[in-house]
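Subject: Structure for you to look at

Hello,

Please find below the structure I said I would pass on.

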Amino acid sequence: MSENPLQSQLITSKLIASLAARTTLETPGVLRLEPTVKGFLARLGPAALQRLSNSAGQNGTYRDDGVRVTINDNVAVVHLDIATDIAYTALNVAETVQQRVRGNIGHTGLTVGKVDISILAIEPPPPAKIS
Amino acid sequence: MALDDEPRLGCGRSIDRIWTTIDQPLNAHEQTCRQCQAARAQLKRLNEATQALREADLHDEALTPRSGVKTAIMDVARAEIRRSKRILLASNGNGTTEISEQALSSVIRAAAAEVPGIHARRCHIEISSATSDSSVDDPPSGQSGVIGPHLVIGLRSAVAPDINIPRTVQLLRQRIITAIPAGIGISAGTINITVEDLYDV
């Protein structure tokens, strides 16, 4: 029997995508992650999504609304599509997102590769809902 | 001989052809062919049934999309458009940051909306050259520490008939020069404003 432990992948690209999305949305100045067709179909229901290929690609890539994560050789590469608040400086917001996402993914034990950010929209924040 | 999978009547006419011309008057052959007439009569009943089903589906509440579905579809469509043209803002070992032309334009339009007497129309943005240091050709005054791509902004506008056009355009230019570093974090670069029309107040 081999003394080498079996390699198991507990940290999936889906988990890292969820972590990156949450970190992004908690960053001041970020309004939202920009939706994709696949994310929309996922909200409609599993049946709609099954018509497309699997969200978790065979090469370790996971895509959801505004976030794409690829894990290869223990290195996580992240791409985020965001909308920012016009009251903030978009480049500063993106840099803060980049740093926070890198920090949080680093805590999982994975090596963090590039974290690319696309600012797709700059808008005033939506009016607060009066409850 | 090529294989022909089209279903045909005994007279040789294609059923698909009869189906596609079901709403048209009988042609010369169909006026005398009993097989075509029988097929048309049956297909007409099928046509009426499918039309009735389509009408029923239109008014079936169970088939009505949930509220918000249309909004979600439009959000996806708008996001896909924003993904089209992007401008690189910064790049280092940690990754890249880019911005869509639409996002940049929205900051310019928001700045223009603050200037009375002028309406922003089409906004076109090009990059003259990417700069990685502070050697920007034409840095705006007071923004010497702000670097990035050198933008060439072409903004078309319409103005109110009673304004001082040179003064208003200069005010707009200053607003844009202030708004881009504040809203995006890069220098405004070159701003070409064209007044192409007057609008009625």
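A residue is called buried here if 20 or more other C-beta atoms lie within 10 Å of its own, exposed if 12 or fewer, and partly exposed in between. By that count, buried residues make up 37% of the 131 residues in chain A. In chain B, which has 201 residues, 21% count as buried. Please bear in mind that this is a predicted model.

Chain A

Chain A has four helices and five strands. Their order from the N terminus is α-β-α-α-β-β-β-α-β. The pLDDT of chain A averages 83, and 76% of its residues score at least 70. Among the elements of chain A, the lowest mean pLDDT, 61, belongs to helix α3 (residues 46–50), and the highest, 96, to helix α4 (residues 90–106). Of the contacts in chain A between residues at least 6 apart in sequence, 71% join residues at least 24 apart.

Start with helix α1 (residues 13–25) of chain A. At 1.5 Å a residue, its 13 residues should span 18 Å, and its end C-alpha atoms are 18 Å apart, which agrees. Which residues of α1(A) are buried? They are S13(A), I16(A), A17(A), L19(A), A20(A), T23(A) and T24(A). These residues cover an arc of only 165° around the axis, so they sit on the same side of α1(A). What they pack against is β1 (30–33), β2 (61–64), β3 (67–72), β4 (75–85) and α4 of chain A.

Next, look at the loop between β3 and β4 of chain A, where D73(A) is found. N74(A) has its place in that loop as well. Most residues other than glycine have a negative phi. D73(A), though not a glycine, has a positive phi, near 50°. N74(A), also a residue other than glycine, has a positive phi near 70°.

D85(A) is in strand β4 of chain A. Leaving aside residues up to four places away in sequence, D85(A) touches G29(A), L31(A) and P125(A). D85(A) and P126(A) are 41 residues apart in sequence, and their C-alpha atoms are 9.3 Å apart in space.

Chain B

The secondary structure of chain B comes to six helices and five strands. Read along the sequence, the pattern is α-α-α-α-β-β-α-β-β-α-β. Of the contacts in chain B with a separation of 6 or more, 60% are between residues 24 or more positions apart.

V169(B), L172(B), I176(B), I180(B) and G183(B) are the buried residues of α6(B). They cover an arc of only 85° around the axis, which puts them on the same side of the helix. Which exposed residues does the face turned away from that buried side carry? That face of α6(B) carries P166(B), R167(B) and Q170(B). After α6(B) comes G185(B), with a positive phi near 105°.

Where the chains meet

In the contact between the chains, 26 residues of chain B meet 24 residues of chain A. On the side of chain B that touches chain A, the elements that give two or more residues are α4 (69–82), β1 (86–92), β2 (95–100), α5 (101–113) and α6 (165–183) of chain B. The largest share, six residues, comes from β2(B). By class, this side of chain B has twelve nonpolar, nine polar and five charged residues.

β2(B) also pairs with a strand of the other chain: three bridges join it to strand β5 (residues 111–123) of chain A, and the two run parallel. To find the place in the view, go to I119(A), whose bridge partner in β2(B) is I99(B).

Regards

How values were computed. Residues are numbered from 1 along each chain as its sequence is written. Chains are lettered from A and ligands numbered from 1 in the order in which they are written. This is a predicted model: local features need pLDDT of at least 70, side-chain atom pairs count only at pLDDT 80 or more; totals for chains, interfaces and linings use all residues. Two residues are in contact if their C-beta atoms, placed from the backbone, lie within 7 Å. Ala, Val, Leu, Ile, Met, Phe, Trp, Tyr, Cys and Pro count as nonpolar, Asp, Glu, Lys and Arg as charged, and the others, Gly among them, as polar. Two strands pair if DSSP finds at least two bridges between them. The arc is that of the directions from the helix axis to the C-beta atoms. pLDDT is the predictor's confidence in each residue, from 0 to 100. The expected span of a helix is 1.5 Å times one less than its number of residues.
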